[in-house]
Amino acid sequence: MHLVTQTRKKEMEGLSFMENNLKKRYEALQAKIVKRADEFSNLIDFIEKSTTWLTAPASTRFHLCKEDGLLEHSVNVAETLIRLKDTLYPHIEDESCVIVALLHDLGKAGTPDGALYLKNEPTERQRYAGYGPTYPYRYNTDLTYLSVPVRSLYLALPHITLTEEEAQAIVYHDGQYVDDNRSVAKNECPLALLLQYADNWCGFVVEDFKVSA
Ligand SMILES: [Fe+2]
Ligand SMILES: [Fe+2]
């Protein structure tokens, strides 16, 4: 590993908010949801039992493309979002931050009918040469196409009420990296802007040390 990468990794590991106990961190975040506790707990029950929420990767080949990667990413984003909000815009409730951060990429868990990300198998040639697949996961093209944020809303809304700001934050969390999001440019609410930044910070810095090297 490159020296700068090692140093960066140590720095990130040393940050107290990155306590390396995913389950505890996940539970601590859930405890911040008070007003919609029952709705949220129904939603969590549904996604934990009926989708790959607890085991899915965060991407096919980029940040946290490993088992539990989606949960780890969602927890990282929630913790980062609360820190940003506390500093920049404390009017937003922790509850809102936890809900949008934990749900923004929920669509990556797929549906009860199938996972969105499937484990990739090595090609015949790769297997023969003793190599693994080029990328750890691939998209399940059997699912009806929905963008990840739209599938997140599709899964969440039957179980939990969202404010317009929360819905906006989830749907447009990729910001201007995605052409479809041109329509929201300059109309983002503070929660959406903060979620976009927290998501990018985690994906590009916290979870991918190569980028900061
Ligand atoms: Fe995303
Ligand atoms: Fe994300």
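Biologist: How are residues and chains labelled, and what pLDDT do local features need?

Modeller: Residues are numbered from 1 along each chain as its sequence is written, while chains are lettered from A and ligands numbered from 1 in the order written. Side-chain atom pairs count only at pLDDT 80 or more and totals for chains, interfaces and linings use all residues, but in this predicted model local features need pLDDT of at least 70.

Biologist: How are α4 and α9 oriented to each other?

Modeller: Helix α4 covers residues 69-88 and helix α9 residues 190-206, with axes 8 Å apart and an angle of about 125°. Angles under 35 degrees count as roughly parallel, over 145 as roughly antiparallel, 65 to 115 as roughly perpendicular and the rest as oblique. α4 and α9 are therefore oblique.

Biologist: Which residues of α9 meet α4?

Modeller: Contact requires C-beta atoms, placed from the backbone, within 7 Å. From α4 come H73, N76, V77, T80, L81, L84, K85 and L88. Their partners in α9 are L194, L195, Y197, A198, D199, W201, C202 and V206.

Biologist: How is α8 oriented to α9?

Modeller: Helix α8 spans residues 164-171. Its axis lies 8 Å from that of α9, at an angle of about 30°. That makes α8 and α9 roughly parallel.

Biologist: Which residues of α9 make the contact with α8?

Modeller: α8 contributes E165, E166, Q168 and A169. On the α9 side the residues are L191, A192 and L195.

How values were computed
Axes are lines fitted to C-alpha atoms, for helices over the stretch in contact, and angles run from 0 to 180 degrees between N-to-C directions. Helices (H or I, at least four residues) and strands (E, at least two) are DSSP runs, numbered from the N terminus. Two residues are in contact if their C-beta atoms, placed from the backbone, lie within 7 Å.
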